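Look at the structure first, then read on.

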Amino acid sequence: LVTLLNASASDAPKKLPAPVETDSRLHADGKGWRLDKAKINDPKRPRVLLIGDSILNGYLKTTVAALEGKAYVDAWVNPYNQSEHLNKVILPEVLANGPYDVVHFNMGLHGWQEGRIKPGTFEPLTKGYVEVIRAKLPNAKIIWASSTPVTKEKQPAELEPDINPVIIEHNRMAAKVMAELNVPVNDFYTLLVDKRSLARGDRFHWTAPAYQMLSDLCVQSILKVLPATHQP
């Protein structure tokens with residue numbers, strides 16, 4: 001089951017099947033796939049939803065701390081790639097935990113394997129994902145974050161030659177969709193591609209200084225669009 005923290009039985013959404021990642025090279029790198037919900041004490045305070053994969057686990061704690069007192073932060077850490085099922089079934093159930101004032105989302109490190117996303121469907125499925133958010137949360141500000149670089153295992157100074165080109169192409173297509181839909185982009189890829197000395201060496205994950213950089217950019221972009229009347 002998707003874990004709900006600090007949620008009562010009455011406000012819990014429908015129970016969804018537990019997310020499963022069948023590729024052993026990819027893992028949650030933290031507390032696992034889950035939906036963390038903030039405990040709400042002030043109903044006037046803005047609410048933020050962070051969506052991402054294991055990279056979100058890396059910058060989540062510092063982001064929540066930076067937004068303390070300014071916004072309640074929910075986090076959906078998941079292994080999904082673009083699909084019709086995600087758009088039609090899973091995403092709407094997660095968004096039902098709102099309403100949210102800001103949605104900061106990323107999806108990319110679990111869709112590079114051949115066959116996971118059919119040719120020609122990446123852009124329409126990504127567009128559909130944004131459209132679901134807008135339909136369910138018509139007043140929310142949306143921010144897209146590009147996927148981070150993939151480096152060679154145990155040789156993080158070099159980019160992974162098979163996977164990283166796919167990440168670059170997916171980021172390109174996602175940026176095209178976001179431009180068409182007027183969704184601002186946090187370019188996580190460019191932020192870290194020249195900081196590969198901060199990569200952990202397991203292909204996908206990073207060290208604390210890199211995650212702090214991602215958190216700083218994430219927080220900065222969220223603060224720009226939080227409802228001004230509710231900010232301290």
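## Helices α2 and α3

In this predicted model, helix α2 covers residues 84-95 and helix α3 covers residues 122-136. Their axes come within 10 Å and cross at roughly 30°. Angles under 35 degrees count as roughly parallel, so α2 is roughly parallel to α3. The crossing of α2 with α3 is right-handed.

On the α2 side, the residues that meet α3 are Glu84, Leu86, Asn87, Leu91, Pro92 and Leu95. On the α3 side they are Leu125, Gly128, Tyr129, Val132, Ile133 and Lys136. By class, the contact of α2 with α3 holds eight nonpolar, two polar and two charged residues.

## Helices α3 and α4

Helix α3 also packs against helix α4, residues 164-181. Here the angle is about 45°, and the axes lie 9 Å apart. That makes α3 oblique to α4. This crossing, too, is right-handed.

From α3, the contact uses Phe122, Glu123, Thr126, Lys127, Val130 and Arg134. From α4 come His170, Arg172, Met173, Ala174, Lys176, Val177, Met178 and Leu181. Seven residues of the contact of α3 with α4 are nonpolar, two are polar and five are charged.

## Helices α1 and α6

Helix α1 spans residues 54-66, and helix α6 spans residues 208-225. The two axes come within 8 Å and cross at roughly 55°. The helices α1 and α6 are therefore oblique to each other. Their crossing is right-handed.

Helix α1 contributes Ile55, Gly58, Tyr59, Thr62, Thr63 and Ala66 to the contact. Helix α6 contributes Tyr211, Gln212, Leu214, Ser215, Cys218 and Val219. The contact of α1 with α6 has seven nonpolar and five polar residues, and no charged ones.

## Space inside

How many cavities of 30 Å³ or more does a search of the whole structure find? There are two. The largest cavity holds about 60 Å³ of space.

Which residues line the largest cavity? They are Gly52, Asp53, Ile55, Leu56, Tyr59, Asn106, Leu109, Ser146, Ser147, Thr148 and Phe188. Helix α1 gives the most to this lining, with three residues. By class, the lining has five nonpolar, five polar and one charged residues.

Conventions. Residues numbered from 1 in each chain as written. Predicted model: local features only at pLDDT ≥ 70, side-chain atom pairs only at ≥ 80, totals over all residues. Heavy atoms only, no water. Axes fitted to C-alpha atoms, helices over the stretch in contact; angles between N-to-C directions. Helix = DSSP H or I, 4+ residues; strand = E, 2+ residues; numbered from the N terminus. Parallel < 35°, antiparallel > 145°, perpendicular 65-115°, else oblique. Left-handed = near helix turned anticlockwise from the far one by under 90°. Contact = heavy atoms within 4.5 Å. Nonpolar A, V, L, I, M, F, W, Y, C, P; charged D, E, K, R; others polar. 1 Å grid on protein atoms, 1.4 Å probe; cavity = no way out; pocket = protein on both sides within 12 Å on 5 of 7 lines; lining within 4 Å. Points joined across faces, edges and corners; volume = space filled by probe spheres on them.
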